[in-house]
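Hi everyone, thanks for making time. I'd like to walk you through one model this morning, so please have a look at the sequence and structure first.

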Amino acid sequence: MVKKNSKSAKNAPATIARNKRATFEYRIEDKIEAGLELMGWEVKSIRMGKVNLSDCYVYIKNNEAFMHGCTIQPLNTASTHVVCDPIRTKKLLLKRSEIDKLAGLIERQGYTLIPLSMYWRKGAWVKVEIGLGKGKKDHDKREDTKEREWKVEQSRVMKKDRLNG
């Protein structure tokens, strides 16, 4: 019987949610990991997988980064004395130098910050992967779709050749 390496299992990030639209709508050039400032009921809902990142974006205000549009649905069993706001703006935990660098790129070069995925780090910490990207034009999206379809067709042909040959 083979033992699992417990250290690597604890450090491997477990994905909670992904923003699949982000890679379709934007050309991602850089990725950054950030922590999240959450309330207790949000962590419980995240553990149950009630998160949606599809209409989410990040903005910088007063040298702080915030994530807007992330929907975390409250559980039915939440306390009655806790007021649950599913689309509350969440503060991102980044270093000052990272925020300054991102703010400069957004203001001067027209980049956008988009949350790409949310995952668990070291079992207890919720992290967000933020992509620094520029919006794609319609023709870029069509080219990406054609390329993806061509790769699927190519793999079908290769598989067929392997079976027949």
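Before we look at any side chain, one term: a polar contact here is a pair of N or O atoms within 3.5 Å, where, within protein, one must be able to donate a hydrogen and the other to accept it. Keep in mind, too, that this is a predicted model.

With that in hand, let's start at Lys90, which sits in strand β7, residues 90-93. Is Lys90 buried or exposed? Its relative accessibility is 0%, and the cut-off for buried is under 20%, so Lys90 counts as buried. What does the side chain of Lys90 reach? It comes to 2.4 Å from the backbone oxygen of Arg88. A polar atom of the Lys90 side chain also lies 3.4 Å from the backbone oxygen of Cys70. Leaving aside residues up to four places away in sequence, Lys90 touches Leu36, Glu37, Leu38, Glu42, Ala65, Phe66, Met67, Cys70 and Ile72.

Two of those names, Met67 and Cys70, take us to the core. The largest nonpolar core has 28 residues, and Met67 and Cys70 are among those with the most contacts inside it, along with Ile16, Ile46, Val51, Leu92 and Met118. At least two residues of this core come from each of β1 (14-18), β2, α3 (40-47), β5, α4, β8 and β9. Which element gives the largest share? That is β9, with four residues. As for Ile16, it touches Ile46, Val51, Met118, Tyr119, Trp120 and Val126, again not counting residues up to four places away in sequence.

Now helix α4, residues 96-109. Ile99, Leu102, Ala103, Gly104 and Leu105 are buried in α4. The buried residues of this helix pack against β2 (26-36), β4 (57-61), β5 (64-68), β8 (112-121) and β9 (125-135). Just after α4, Gly110 has a positive phi of about 75 degrees.

Last, a word on confidence. The chain averages a pLDDT of 82, with 90% of the residues scoring at least 70. Confidence is highest in β5, at 92, and lowest in helix α1, residues 6-11, at a mean of 51. Where pLDDT is low, the predicted coordinates should not be read in detail. Thanks, and I'm happy to go back to any view.

Note on methods: Residues numbered from 1 in each chain as written. Predicted model: local features only at pLDDT ≥ 70, side-chain atom pairs only at ≥ 80, totals over all residues. Heavy atoms only, no water. Buried < 20%, exposed > 50% of the residue type's maximum accessible area, 1.4 Å probe, protein only. Contact = heavy atoms within 4.5 Å. Core = buried A, V, L, I, M, F, W, Y, C linked by side-chain atoms within 4.5 Å. pLDDT = per-residue confidence, 0-100.
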